[in-house]
Amino acid sequence: MSIWWSLHLRREAASVPLARRLLIGTMETAGVDPDISYDLSVALSEACANAVEHGGDTARGGPGSEAYRVTAYLDGEKCRIEVADAGPGFPAASAGRSRPPIRPAHADAENGRGLCLIEQLADHVHIGNKPGRGGAVVSFDKVLKWRKDAAPLMAV
């Protein structure tokens, strides 16, 4: 069975736990192993926090600059999550590189760890810019494992 949902969220800190809780609830209902759910929820929180902090483009204005989109797909044995914003995007990606370089933050840094955490928690990560109108897209996926006490959610 496939489950997918998409949220259009305001770029506010309060939107991050909302997206995280929806993902955890979906995973729990589907019978996903709690460790996998936790990893994906942390990665989602980091991607959403980046969209909230960096995803606006005040130069362009308009309603798109104050929102971002989260889409999650649970399809078969994999979960794929995409977070897209309307900000300026990643400078390295717009300079002709396929993706921006991800550098680990210093151990005592209070920020700058999000993309590294996402890479460590997910199986496959794509970081780039949206074509056309601009903005950043962070997508990642992870192979699902199922709880031992529950069968995976199946079509009836």
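## Helix 4 and what covers it

The buried residues of helix 4 are covered by parts of the structure that include helix 2, strand 4 and strand 5, where helices (H or I, at least four residues) and strands (E, at least two) are DSSP runs numbered from the N terminus, and contact means heavy atoms within 4.5 Å. In helix 4 the buried residues are Gly114, Leu115, Cys116, Ile118 and Leu121, with buried meaning under 20% relative accessible area, exposed over 50%, and partly exposed in between (1.4 Å probe, protein chains only). Cys116 counts as buried because its relative accessibility is 14%. Helix 4 lies across strand 4 and strand 5, running at about 25° to strand 5; for such angles, axes are lines fitted to C-alpha atoms, for helices over the stretch in contact, and the angles run from 0 to 180 degrees between N-to-C directions.

The model is predicted, and local features need pLDDT of at least 70, side-chain atom pairs count only at pLDDT 80 or more, and totals for chains, interfaces and linings use all residues. Residues are numbered from 1 along each chain as its sequence is written, and side-chain values use heavy atoms, with hydrogens and water left out.

## The overall layout

The protein has 4 helices and 5 strands, which follow one another along the sequence in the pattern β-α-α-β-β-α-α-β-β. Of its 156 residues, 43% count as buried. Among the contacts with a separation of 6 or more, 66% are between residues 24 or more positions apart. The protein exposes about 9000 Å², of which carbon and sulfur atoms supply 54%; accessible areas come from the Shrake-Rupley method with a 1.4 Å probe, and for residues only the protein chains shown count as cover.

The 5 strands form an open sheet in the order 1-2-3-5-4, with antiparallel pairing, two strands being paired if DSSP finds at least two bridges between them. Strand 1 and strand 4 stand at the edges with a single partner strand each, so one side of each has no neighbour in the sheet. From one strand to the next, the twist averages 10°.

Strand 2 and strand 3 form a hairpin with 2 residues between them, and in its turn Gly76 has a positive phi of about 65°.

Strand 3 is also joined to strand 5, by 7 bridges in the antiparallel sense, and Cys79 stands opposite Lys142 in strand 5. Strand 4 and strand 5 pair antiparallel over 6 bridges, with Val138 in strand 5 as the bridge partner of Ile127. The hairpin of strand 4 and strand 5 has 6 residues between the strands, and within this hairpin Gly132 takes a positive phi near 85°. Because 7 of its 8 residues are buried, strand 5 is largely enclosed by the rest of the structure.

## Helices and the core

Helix 1 lies across strand 1, strand 2 and strand 3, and runs at about 170° to strand 1. Ser41 has its place in helix 2 and is buried, with a relative accessible area of 0%. Apart from its neighbours within four places in sequence, Ser41 is in contact with Arg20, Leu23 and Ile24.

In soluble globular proteins, nonpolar side chains tend to be buried together. The largest nonpolar core here has 36 residues, and those with the most contacts inside it are Leu40, Leu44, Tyr68, Ile81, Val83 and Phe140; a nonpolar core is a set of buried Ala, Val, Leu, Ile, Met, Phe, Trp, Tyr and Cys residues joined through side-chain atoms within 4.5 Å. The elements that give two or more residues to this core include helix 1 (15-30), helix 4 (114-121) and strand 3 (78-85), and helix 2 gives the most, with 9 residues.

Finally, Cys79 counts as buried because its relative accessibility is 0%. The count of disulfides comes to 0, a disulfide being a pair of cysteine sulfur atoms within 2.5 Å.
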